[in-house]
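Me: I have this one open on the screen and would like to talk it through. Could you take me through the parts you can say something about?

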Amino acid sequence: MLDNLQLLFVWAPIINVQVILEGIFVGAVFALSAYGLALVWGVMNIKNLAQGDFVIMGGYLALALSSANVPLPLILIIVIVFMFVYGWGIYALMIRRILDQDMFVSLLATFGLSLLMQQVMNLVFGPEVQTIDMELPNWDFFDNMVTIPSSKVISLGLAAVIALAVVIFMKKSRAGQAIRATAQDPRAARVLGIDTDKVYAFTFALNSALCGAAGVLVSIIWVIQPFYGITYSVRSFAIVTAAGLGNLPGVITAAFGIGLFEKYVGMIIGTAYEVAAPVSILLMVLIWRQISMKRNRQVVR
Amino acid sequence: MKMRALMTVAGVCALATASAITPAVAKVDGDTIILGSSISLTGKYATNGLHTQRGYDFAVKTINDAGGVKVDGKSYKLAVTYYDDESTPARGAQLAERLIQQDGVQYMLGPYSSGMTKAIAPVSEKFGVPMVEAEGASRSLFTQGYKYLFAVLSTSEQYLATAVDMAAEERKKNFRDPSEVRVAMAFEGDPFSMDVRAGVVDKLNEYGMKIIIDDQLPADLSDMSTTLTKVKALKPDILIISGHSKGAATAARQIDEMKVNVPMIAMTHCEAAKVHEKFPKAATGFLCPTQWVETLSKSDSMFGSAGEWNTNFKKAYPSYTSVPYQSAQASAAVYVWKEAFEAANSLDKDAVRDAIAAVEMETFYGDIKFSENGNNIAKPMFMRQIGSDASYSLVESFKDMTFPRNVSY
């Protein structure tokens, strides 16, 4: 560990650039799926444990399309549309029925969905690790100490475009306003003529589409496997818990923060702890919240 | 209700007595010696289970066609009784018991995978039935003091140890001390990879080499860029990776992306992960261990050379374009049985067990000689190197190795 600190700050400080870049690339992908989770959680109070599996499903769709030589922009559009329809279907079949149940039902139901999706993907695509190799150039800087694959830059750009589109949509469009209104007060929204059932369906479908888009990016910059979804679920939960619901700038900041934290933990303590990093953040945030709330808590003795 | 329970108990007792008094009759049926195996024909090991079964069947047929096994002046044919263990260890243990107790099998062939072997070995040990296995490589199988378990394949701690030897020899050739070699390692935390790591660490200590990076990879590994960043900064002489197919795939992808320039890279599961097809550029020069290769210069009187075994096996099973080593080692296990029967000149299971323990033979699969613990100590793990044309070529010593890796990103 001491060696690693020395390496980072004394021997080869230039590799900080590499670590920070990796953290940013990771954070961009997390931000998409975390924002989807925050939407669904905030608007309809569903905690979607299958979040990561939606991401992986998007990745596999991208993989299937790319083996049919579909160009990347088209892949992204097809996957977003397909996952949107899929999300709508899942809402109509399942989520609608658990909306007014308590938290445990939503956790159990989405956990079941997660298992089902993993197994189906395992059957259809096989258990091997797969990846899309776009055969794009990789740039190197500082005597090959820092390398930037252009696929990661592209994915960062796409993530930014998608995030921007969602922000504008939520702020400006009627549907976006309806979603925000429903999140604030579903009953008042209904009184004012908003079809909340449709808003819920749309929100869930939008989440699914965002996850699908994240999945496309994952499949072009890392590797996917049917059972890798859980790490994306855990990260999304950590980010949303840290940032709070309905706070897009917060989600994005937290996503990049966790991405960087993860990479530095991996660098300093070891790769094995990279996956544990977001969970430890989750824990710290919960403890900190508990302490800060204690100050305001009034107990009748 | 009570009556029913009583009857069930009585029924179970009756069954137990019946099976206890049924004599074991089937070990030799007329002029046929019956071997038994529980093998995975369905479930997650089905593909490799089938490779194994075909290896057994091919060897049985070859040996029978050549006159069978001669014991005490009489010729016997070989036959194998199979049960499908559905790739579940509990079922495997059950079936092994059934083979021994109900079918009276006295000679066992192994199942597929270390996990299944771990489940079955205690059963054959309990009944004192020798088992020659070909597909369980875990080191932990040979630390239990089993007396009736023999394995023809190299154990998992040997997988990458050969690569360390080669790095040492390369140093010696240039009149330099092997202890100068600086090593980076990344291993997954599962039992198999930890076995591989233990073997590598033993070798490193033997040469006094220095470990400069020692990362453990998580099970759901999709990104090892931090490890590779360290590798680039510290410039080790050799990089050793083991994390099943997913580890090999992730490593190859990111070695390519990050232009990692280590002169020597060794990893397990290259072939299973198809790194030579998916990342031909980065995979150039990778050293990949394998149990057996068809170009090996070993032969025996039954199957001929490694190449001849390969050709004949393909003739028997034309669906194979390249024959998996799992089939070759399965054939070698059956061959060990033949040799042991003939050496013991008896069908008594304990006499045959001692004959197996004393076996020392050259086969198309490599040399076979068992240690006291039952693992094969005569056969090394073979190393193959991926060429720039994505082909695999056998590296029998460091002289055949392209060093440093000839790669330009």
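Reply: In helix 7 of chain B, the residues Ser225(B), Thr226(B), Thr227(B), Leu228(B), Thr229(B), Lys230(B), Val231(B), Lys232(B), Ala233(B) and Leu234(B) are buried. Please keep in mind that this is a predicted model.

Me: Let me pick out Lys230(B). Why does it count as buried?

Reply: Lys230(B), which has its place in helix 7 of chain B, counts as buried because its relative accessibility is 2%, and the cut-off for buried is under 20%.

Me: Which residues does Lys230(B) touch?

Reply: Leaving out residues up to four places away in sequence, Lys230(B) touches Asn4(A), Leu7(A), Gly266(A) and Met267(A) in chain A, and Ile213(B) and Asp215(B) in chain B. With Asp215(B) there is also a polar contact, made side chain to side chain at 3.5 Å.

Me: That brings in chain A. How many residues are in contact between chain A and chain B?

Reply: On the chain A side 38 residues are in contact with 29 residues of chain B, and the area buried between the two chains is about 2,800 Å², with carbon and sulfur atoms giving 55% of it.

Me: What about salt bridges and polar contacts between chain A and chain B?

Reply: Three salt bridges are counted between chain A and chain B, one of them between Asp223(B) and Lys263(A), where the closest N and O atoms are 2.5 Å apart. The count of residue pairs in polar contact between the two chains is 16, with both residues at pLDDT 80 or more.

Me: Which element of chain A gives the most to the side that touches chain B?

Reply: Helix 2 of chain A does, with four residues. Among the other elements that give two or more residues to that side are helix 1 (2-11), strand 1 (138-141), strand 2 (146-149) and helix 11 (248-268) of chain A. By class, the side of chain A that touches chain B has 20 nonpolar, 12 polar and six charged residues.

Me: Changing topic, is Ser233(A) buried or exposed?

Reply: Ser233(A), in helix 10 of chain A, counts as buried because its relative accessibility is 3%. Apart from neighbours within four places in sequence, Ser233(A) is in contact with Leu49(A), Ala50(A), Gln51(A) and Gly52(A).

Me: Back to chain B, then. Which domains does the assignment give?

Reply: The domain assignment of chain B gives domain 1 (24-154 + 295-369) and domain 2 (158-290 + 382-400), and their centres, taken over C-alpha atoms, are separated by 32 Å.

Me: How many residues of domain 1 of chain B are in contact with domain 2 of chain B?

Reply: Domain 1 of chain B has 10 residues in contact with nine residues of domain 2 of chain B, and the two domains bury about 770 Å² between them, 51% of it on carbon and sulfur atoms. On the domain 1 side, Arg139(B), Ser154(B) and Leu296(B) lose the most area to domain 2 of chain B, together 53% of what that side buries.

Me: What does the rule find there in salt bridges?

Reply: One salt bridge is found across the interface of domain 1 and domain 2 of chain B. The side chains of Asp202(B) and Arg139(B) meet in a salt bridge, at 3.8 Å from N to O.

Notes
Residues are numbered from 1 along each chain as its sequence is written. Chains are lettered from A and ligands numbered from 1 in the order in which they are written. This is a predicted model: local features need pLDDT of at least 70, side-chain atom pairs count only at pLDDT 80 or more; totals for chains, interfaces and linings use all residues. Side-chain values use heavy atoms; hydrogens and water are left out. Contact means heavy atoms within 4.5 Å. Buried area is the accessible area (1.4 Å probe) that two parts lose on being put together, summed over both. A salt bridge is a side-chain nitrogen of Lys or Arg within 4 Å of a carboxyl oxygen of Asp or Glu. A polar contact is a pair of N or O atoms within 3.5 Å; within protein, one must be able to donate a hydrogen and the other to accept it, and residues adjacent in sequence count only if both atoms are side-chain atoms. Ala, Val, Leu, Ile, Met, Phe, Trp, Tyr, Cys and Pro count as nonpolar, Asp, Glu, Lys and Arg as charged, and the others, Gly among them, as polar. Buried means under 20% relative accessible area, exposed over 50%, partly exposed in between (1.4 Å probe, protein chains only). Domain bounds come from an automatic or database domain assignment.
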